[in-house]
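Work through these exercises with the sequence and the 3D view side by side. Try each task before you read its solution.

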Amino acid sequence: MKKITILFIFLLFIGITGNIMALEMQISGGVDLSFVTHKVENTIVEPLVPPLYFGINYANTASFTSIGISFLIRVFPDDYNAFSTGFVFRDRAVFSLGWKENGHIDGIPHSGKFKSKDGMYSIMDFGVGLSQRFLMTRRFSFYTDLGVNFTIMDFDDFEDSTINYWGAGMFADLSMQINFSQKIYLELGVNSVLNAFSSSKGNILDIEFKDSGRWDYSTVTAYLHIGWRYDLGSFR
């Protein structure tokens, strides 16, 4: 946890200082609606009486819809060019409304649908990267964002399974802004995340495990933000 936090702060610092001469900063926040897929595949070994061991081959894919909140910070080196490249930082927190499982335990298939009373997924995503701005008119503009994503996820089924997940990968955004004034705008967008690496620990069926994964977490998110635009040049 400490290593990822330090890396995150370092990347954020680099992004901010790299745009220290920026003239425009955008800060927005709002609601998210996400579709999430999380995969677990592991062989869990539990010692009995040495040298005897009890093992479970467990594979599961959980998919669910989640709601939450997010905010964005963008910084650009100018406020007038039609095409500009800047820095973006995004953060979001979402919570599952329920989930659907599909997988197997020791080759025996299992599947089912569960509601929030049966358990809960809670997720926080952090992203830093580059933003490309396309000014169409004084009222409309489009943005594409691309960067590095970090994920913290916790799962608890309130019975015998918990998962604590840390992941890293890439994120991408495609969004449109509608300006109500020179300062206030509405942003509608789609965000996608795919984690390439992860580390998990927890317990499944009351058996503790640690695991590392690849390409095991993805989301597609629609979001709606209200934003404020600041002219940083006025503070110089």
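**Exercise 1.** How many bridges join S7 to S8, and do the strands run parallel or antiparallel?

Solution. This is a predicted model, where local features need pLDDT of at least 70, side-chain atom pairs count only at pLDDT 80 or more, and totals for chains, interfaces and linings use all residues. Residues are numbered from 1 along each chain as its sequence is written, and side-chain values use heavy atoms, without hydrogens and water.

Start with the terms. Strands are DSSP runs of E, at least two residues, numbered from the N terminus. Two strands pair if DSSP finds at least two bridges between them. S7 and S8 run antiparallel, joined by 17 bridges. Now go to the turn. Five residues lie between S7 and S8 in this hairpin, and Phe158 in the turn has a positive phi of about 65 degrees.

**Exercise 2.** Describe how S6 is joined to S7.

Solution. Count the bridges: 16, between strands that run antiparallel. Then trace the link, a hairpin through four residues.

**Exercise 3.** Which residues touch the most other members of the largest nonpolar core?

Solution. A nonpolar core is a set of buried Ala, Val, Leu, Ile, Met, Phe, Trp, Tyr and Cys residues joined through side-chain atoms within 4.5 Å. Buried means under 20% relative accessible area, exposed over 50%, partly exposed in between (1.4 Å probe, protein chains only). The largest core has 21 residues, and Phe64, Trp99, Tyr121, Ile123, Met153, Ile163 and Tyr217 touch the most other members. Strands that each supply at least two of its residues include S1 (24–47), S2 (53–76) and S10 (207–231). S2 gives the most, four residues.

Look at Trp99. Contact means heavy atoms within 4.5 Å. Beyond its neighbours within four places in sequence, Trp99 contacts, among others, Phe64, Phe114, Tyr121 and Phe155.

**Exercise 4.** Is Lys183 buried, partly exposed or exposed?

Solution. Locate Lys183 in the loop between S8 and S9. Phe180 lies in the loop between S8 and S9 too. Lys183 has 43% relative accessibility, so Lys183 counts as partly exposed. Next, look across the chain. Lys183 and Gly227 are 44 residues apart along the chain, yet their C-alpha atoms are separated by 8.1 Å. Leaving out residues up to four places away in sequence, Lys183 touches Gly227, Trp228, Arg229 and Asp231.
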